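Thanks for coming. I will go through one structure today, part by part, and keep to what the coordinates give.

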Amino acid sequence: MSESSLNTTRRYFLGQCTGVSLGAMALDSMAQQEITGLPQLPHFAPKAKRVIFLTQSGGPSQLELFDHKPGLMDWAGKELPESVRQGQRLTTMTANQKQLILPGLTKFSRCGQSGATISEWLPHLQGVADDLCFIKSMTTDQINHAPAMTQFLTGHQLPGRPSMGAWISYGLGSLNRNLPDYLVLISKMQRPSDQPLYDHYWGSGFLPSRYQGVKLRNSKDPVLYLTDPAGLPRHLRRGMLDGLAELNQMRFEQTQDPEITTRIRQYEMAYRMQASVPELTDLSDEPDHVFEMYGPDSRRAGSYAANCILARRLAERGVRFIQLFHPDWDHHSRLPSWCTARCRDTDQPSAALIKDLKQRGLLDDTLVIWGGEFGRGVAGQGKWDSPEAGRDHHPRCFTMWMAGGGIKPGITHGATDDFSYNVAENPVHVHDLHATVMHQLGIDHNRFTFRSQGLDFKLTGVEPARVVKNILT
Amino acid sequence: MPRLMPKHLLLLLTLTLPAHADPVSFSREVMPLLSDNCLSCHGQDAGHRKADLRLDTQEGAHEALKSGDFMARIVSTDPEEIMPPPKSHKPALKADQVAMLKRWIAEGAQWGKHWSLEKPVKAKVEGHPVDFFVKARLTQEGLKLSPKAPPHTLLRRLSFDLTGLPPSIQDPASSFQDLASSIEHLVSSPHFGERMAMNWLDAARYADTDGFQSDASRTNWPWRDYVVESFNTNKPFDQFTLEQFAGDLLPNATPEQKLATCFHRNHMTNGEGGRDKEESRIDYVIDRVNTMGTVWMGLTLGCTQCHSHKFDPISQHDYYSLHAFFNSIDEDGSAGTKAQPYLSYQSPHAKRAVDETQKLVDARKPIEAKAKADAAKPFEQWLSQRQTAVKDGFQAWHILHGTLESQEGSKLTQSQDGIVTASGPNPKQDDYRLISAIKLPRLTGLKLEVLPQKGALSRGKDGEFILTDIKLQVRRKGSSQIRDILVKYAIADTKVDAKAREYGDVKGTLDDDPRNGWTTKGFPKDQPHTALYGLAEPLVLESDEELIFELRHRSTNGDANIASFRVSATDQPGPAVREIGPTPLEQLAAGKPEHERLLAQFLEDHAPYQLAKASLDRANAQLKEVQSAAGKLNVMVLAERKEPRDTHVLIRGVWDKKGDVVQRDVPAAIAPWPADLPRNRIGLGKWITSKENPLTARVFVNQVWQMLFGAGLVRTPDDFGLQGQRPTHPELLDWLAVDFMENGWDVKHLIKLIVTSETYQQSSDHTNPSDPQNLLLSRGPRFRMPAWMIRDAALASSGLLNPALGGPPVRPHQPEGVWEEIFMGRFTYEPSQGPAQHRRSLYAFWRRTIAPTFLFDSAQRRVCEVAMTRTNTPLQALTLLNDETMMEASRALAKRMLAAQATDRLPLLFQSVLTRDPTPKELTVLQRELDRALAHYRAHPENARKLQTTPELAAHTLVASMVLNLDEAITHE
């Protein structure tokens with residue numbers, strides 16, 4: 001988004017305040033001095049201004065979606081050679097069964113100029129292949145959901161560290177004072193999910209809590225406590241906040257406590273959010289062709305598809321870090337019915353988001369990331385040749401894709417062995433992904449630390465992490 | 001925060017740098033400098049040590065000094081030579097730092113220990129010890145204490161600090177004539193223990209659920225009451241420590257002493273399928289060691305899990321030697337209901353909750369009975385009307401006609417009689433949609449008939465259909481949006497006991513899971529079959545809205561699409577859509593009425609009865625819950641297994657990478673192991689609180705100081721190591737620590753000592769520009785109160801607070817759906833009914849994956865936390881403006897106001913919330929807002945009704961809410 005359109009947005013939001021009030025005046029004078037982010041950041045010119053992270057929770061199967069291994073047909077039902085497995089730990093769900101190979105269950109096509117291999121279960125994504133950069137050599141240390149997702153998002157398997165979005169919000173601050181810097185959107189599902197999405201996934205850990213992700217809910221309160229009680233009209237709330245600001249100002253004059261001034265300002269921001277958030281989440285002003293592009297599910301509030309449209313709206317409004325969560329990719333059984341269900345939810349909207357951002361000129365400085373916390377193993381879980389079969393968790397390799405934000409389009413980076421079991425070339429550890437995302441935002445991950453409990457923490461942890469230079473434009 | 005650091009450090013330096021006449025202090029000057037600049041490469045962590053040089057030991061440093069290289073490398077200008085090297089991103093030492101090192105060397109390079117590892121000593125004082133040290137420091141800086149705070153402020157400060165509640169305007173005992181007796185009154189209050197417990201629960205990472213994937217509930221809350229009780233009876237802190245470490249091992253241990261050990265079981269437990277239990281078990285032991293380090297000793301032991309500490313004298317061996325004390329608990333890493341060892345314990349606090357809820361049920365029962373009795377007459381009227389209406393026959397179900405769509409290309413056609421038939425392409429899986437206008441006044445349910453075609457129910461090979469899911473949606477013509485309609489009930493004429501992930505039971509079509517769903521396999525397939533779907537709530541469609549009913553066939557094997565079906569709709573509630581067969585009115589029309597079913601249907605629609613019934617149902621559900629809490633509960637505690645486990649150093653902290661075997665021991669650098677102590681948890685608990693241990697008393701005193709002043713004397717309460725901050729008043733901290741131990745670890749004594757000081761009692765109004773962060777304590781403590789205290793204060797000042805102590809957890813108001821959306825409906829949140837709603841926040845049920853939403857800036861209760869966070873955000877403003885509890889408190893305050901004389905109302909509001917009268921200027925603003933609100937609500941009584949109030953009450957509620965949101969109302973002044 002250009003600087004001038006940002007300013008327009010800003011004026012627009014300031015215009016939402018009706019009447020001149022003490023609170024609003026205090027705010028106006030503060031607006032200019034508002035310091036966002038750390039003064040030493042960015043370390044260098046960023047390629048991306050914002051991130052949209054399409055988090056697929058549960059561990060999507062790289063074998064069915066992207067990592068085409070036609071040679072596996074010859075291995076169907078045979079035991080995975082120990083030379084490949086090399087002592088890889090299994091979850092206790094399959095540790096006691098034979099590791100019999102289940103070849104990928106889908107047909108693949110070579111797509112676009114780049115010839116990327118994409119599954120028939122993702123027909124829309126096939127259409128934007130040349131905008132995507134696939135990393136087929138992702139690797140993580142964790143084999144169970146909560147620790148793996150926690151590491152995937154915070155760099156460490158135990159809860160308590162800030163999420164990537166919180167780090168970035170803390171470091172770079174806000175582009176829009178009317179909305180939080182880090183927003184989280186979760187797909188509304190009907191089925192009780194086996195993997196709950198804990199709020200530490202978007203938590204601020206040891207960073208101040210204002211940097212934690214704010215969840216936009218699909219309910220009458222898109223942000224908790226946003227809506228005034230029924231029977232309290234807007235102008236009365238305005239008057240009440242004016243009175244509150246006046247009384248607080250008297251207290252400030254007596255005590256000179258700067259926290260009071262901040263508080264006056266935050267109540268004003270709360271008031272403005274009460275207008276800006278519903279405006280943002282109300283998709284009724286989107287034209288029909290947008291819904292057609294994102295697919296039928298996009299008309300249903302709270303769906304992944306509707307959230308993809310919201311993500312684009314947030315990007316337009318300058319929100320720094322936008323994170324979608326789509327749960328239920330944990331396909332231990334019945335891959336053909338279960339995995340396709342999640343593909344149907346996400347395929348068309350993910351592809352539409354890329355197209356939409358591109359059409360609006362936003363893709364250049366928006367980094368889009370798609371992926372889950374780990375991949376799935378080549379051995380069938382359950383009876384391998386039955387349609388009931390699924391796949392167990394697999395940390396050693398998985399596929400992600402990125403687009404925009406200074407990432408080379410239409411390439412594939414890294415590769416796995418013939419079994420999609422081990423990384424064969426150019427491994428990209430989760431920490432390397434973090435380093436790369438930060439790099440695109442103009443941050444040297446080694447120099448971006450926070451002191452807590454006597455230690456200087458960084459997102460990328462203590463082991464050396466590196467930026468994946470080969471995928472950068 | 002890096003941005004604040006320089007100012008901070010500068011001030012600390014000026015605070016601690018003595019005049020040059022004194023010799024250089026190793027612990028205050030040299031050691032911090034070495035730690036900041038050298039030890040990450042030249043410390044005790046051999047793995048990262050460069051050039052085989054150690055600067056953390058006297059021997060290593062003296063060797064470096066002897067070589068003469070030491071200063072040369074520091075002052076070098078050659079980028080290849082200079083220390084610290086540029087690639088470490090540490091700047092070169094400043095001139096005064098270099099000068100200090102040179103003086104230190106010239107003075108003989110005296111070696112010593114880090115300050116917190118030296119035993120504290122009590123310096124001689126005159127007058128009040130707190131004031132003696134604080135004034136001395138202030139005088140050095142040319143400053144003095146602020147004047148004493150005004151009486152009402154001081155009373156509020158004391159009351160919040162000692163009980164977590166505001167002074168009660170009804171309670172004359174807290175009148176301020178006599179400070180000492182006020183303090184005595186407050187520390188003797190049973191609310192003292194509750195107040196202290198809140199912080200201890202944060203430190204103990206206490207919660208009511210396991211955390212992680214399953215996040216199952218646990219019943220460890222009796223331990224919470226043990227903590228409250230311990231503080232209330234002023235149990236000496238060393239005894240409190242010992243019981244929590246080793247209550248189970250004490251001779252003739254009481255149930256409460258065993259209960260105490262739950263402290264070390266309050267960690268999260270992971271029951272995720274596929275998780276290796278041994279890995280989980282090791283995690284728990286690690287959590288205990290880290291928690292012990294932080295809570296009792298202010299040590300960041302977590303670092304030493306993977307490698308020897310880079311800064312503090314704790315090695316990886318030390319870490320696993322501590323680990324060994326907790327490694328033989330009779331546990332196996334399980335979670336949920338298998339998290340042995342348990343203590344079977346019956347809480348003395350539960351009966352009160354049962355009685356309270358029983359009263360609620362007793363009060364609601366006659367209301368429900370009366371509502372039912374009151375319904376008899378309208379029922380008879382309704383029945384006779386119905387009888388007339390149905391005398392020519394009655395049809396409950398109306399066949400739906402409309403547009404048909406197929407996702408994958410089946411050809412769907414509908415005949416006159418509404419039967420839809422699929423033909424043409426036969427895709428493996430397909431979704432059918434029937435889009436239809438509804439002529440009924442409302443919709444309560446749908447009937448789906450699956451009809452045989454040539455002896456088969458599906459187009460698949462075996463003739464059996466599998467319907468994986470249905471969806472019901474509403475679309476307004478011309479609108480881009482679709483809304484989902486919740487279908488709650490499903491019943492079919494085929495009954496099967498299908499597992500959650502099998503095809504069979506029709507209920508499987510409601511959950512959006514393609515791995516289960518409805519099939520009639522095993523029943524005749526040449527017969528029609530019927531399913532009924534009942535809506536959660538009746539749906540009224542506008543004239544321009546249409547209904548979309550979707551049938552999904554997405555089974556694993558596919559090839560099971562329905563061949564022919566018909567859909568009908570009804571407006572009949574209750575039994576009509578929940579029971580297969582004729583509806584009650586159809587029976588009536590046929591001359592075979594069933595009275596019970598007719599009454600059930602009538603009551604379903606009779607709002608007064610439904611209200612009374614829902615209210616009674618909720619009370620009954622709560623009664624059942626507290627009754628089970630009143631029985632024997634399993635509380636997770638410590639108990640040793642018969643055969644102790646071997647403890648290994650875990651290489652790089654990885655659970656199954658076993659290194660050397662280690663024995664139970666403690667880090668010698670802290671304090672030696674007293675020879676007479678047993679090598680078990682009793683010994684460990686006694687070692688922690690031994691007079692030789694330089695850390696524990698200081699760390700606890702600092703936590704208390706932080707509680708009272710908003711920041712500790714050591715501002716990193718979780719790090720007393722080399723990388724933590726140095727105390728602002730080291731001698732004061734030491735004096736208090738020694739005094740605390742000398743007085744038998746008497747917590748109330750310690751608190752009373754601090755709050756009777758002039759330092760504590762200063763006004764907090766003005767921050768001295770020379771002391772911007774109040775490091776010198778030149779003013780009284782001023783900080784935003786924790787969220788729990790704000791909520792408790794609102795309840796107390798509005799008179800709503802239920803002051804009961806202990807018992808099973810309660811569920812305060814939360815916005816709807818916050819649990820449900822995290823767990824996709826697996827856990828639902830029902831706010832507590834009756835007086836249980838207004839208990840203190842301490843008793844709020846704590847679900848680890850989603851903490852109570854009204855507690856902003858709170859500890860997360862996942863790992864131990866002793867530091868405080870205080871932020872100032874718009875989300876907090878929204879919480880305090882719109883939280884239901886805050887609204888209830890505002891309404892209750894408004895009612896109190898209206899009960900008083902008109903002129904007394906606003907002063908009464910101020911007195912209740914702020915313990916003072918408003919100034920004339922404030923009164924003007926309050927009156928203006930009140931008048932504005934009154935004018936509005938008198939002109940718009942419908943808005944007052946929406947707030948469930950009269951216009952007067954609504955206006956006063958708004959003003960009360962404004963006062964509850966004042967900075968002064970939420971600030972510890």
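The buried residues of helix 11 of chain B are covered by, among others, helix 10 (190-203), helix 12 (237-246), helix 13 (255-260), strand 1 (342-345), strand 16 (633-636) and helix 24 (747-755) of chain B. Some terms: helices (H or I, at least four residues) and strands (E, at least two) are DSSP runs, numbered from the N terminus. A residue is buried if 20 or more other C-beta atoms lie within 10 Å of its own, exposed if 12 or fewer, and partly exposed in between, with C-beta atoms placed from the backbone. Contact between two residues is when their C-beta atoms, placed from the backbone, lie within 7 Å.

This is a predicted model, where local features need pLDDT of at least 70, side-chain atom pairs count only at pLDDT 80 or more, and totals for chains, interfaces and linings use all residues. Residues are numbered from 1 along each chain as its sequence is written, and chains are lettered from A and ligands numbered from 1 in the order in which they are written.

Back to helix 11 of chain B: 11 of its 12 residues are buried, among them B:Trp221, B:Trp223, B:Arg224 and B:Asp225. The 12 residues of this helix (221-232) should span 16 Å at 1.5 Å a residue, and the end C-alpha atoms are 17 Å apart, which agrees. The expected span here is 1.5 Å times one less than the number of residues. After the helix comes B:Asn234, with a positive phi near 55 degrees.

That brings me to backbone geometry. Most residues other than glycine have a negative phi, and most peptide bonds are trans. B:Ala109 is not a glycine, yet its phi is positive, about 50 degrees. B:Ala109 sits in the loop between helix 6 and helix 7 (129-140) of chain B, and is partly exposed, with 16 other C-beta atoms within 10 Å. B:Asn252, also not a glycine, has a positive phi of about 50 degrees. The loop between helix 12 and helix 13 of chain B holds B:Asn252, which is exposed, with 5 other C-beta atoms within 10 Å.

There are cis peptide bonds as well. One joins B:Met83 and B:Pro84, with omega about -10 degrees; B:Pro84 is in the loop between helix 5 (69-75) and helix 6 (95-106) of chain B. Another joins A:Leu41 and A:Pro42, with omega about -5 degrees; A:Pro42 is in the loop between helix 2 (22-33) and strand 1 (50-56) of chain A.

Now chain A as a whole. Chain A has 13 helices and 17 strands. Its radius of gyration is 24 Å, close to the 23 Å that the globule rule gives for 473 residues, so chain A is as compact as a globular protein of that length. The radius is taken over C-alpha atoms, and the rule is 2.2 Å times the number of residues to the power 0.38. Buried residues make up 62% of the 473 residues.

How is chain A divided? Into domain 1 (1-33 + 237-296) and domain 2 (49-218 + 301-471), with bounds from an automatic or database domain assignment. Their C-alpha centres lie 34 Å apart. In the contact, 16 residues of domain 1 of chain A meet 21 residues of domain 2 of chain A. Helix 9 of chain A supplies the largest share of the domain 1 side, five residues.

Next, the core. A nonpolar core is a set of buried Ala, Val, Leu, Ile, Met, Phe, Trp, Tyr and Cys residues joined through C-beta atoms within 7 Å. The largest has 309 residues, and A:Val51, A:Ala311, A:Val368, B:Val701 and B:Val959 touch the most other members. Helix 12 (335-359) of chain A gives the most to this core, with 10 residues. Apart from that core lies another, of 44 residues, including B:Tyr432 and B:Leu434.

Last, the contact between the chains. Chain B gives 83 residues and chain A gives 82. On the chain B side, helix 31 provides the largest share, eight residues. By class, that side has 25 nonpolar, 29 polar and 29 charged residues. Here Ala, Val, Leu, Ile, Met, Phe, Trp, Tyr, Cys and Pro count as nonpolar, Asp, Glu, Lys and Arg as charged, and the others, Gly among them, as polar.
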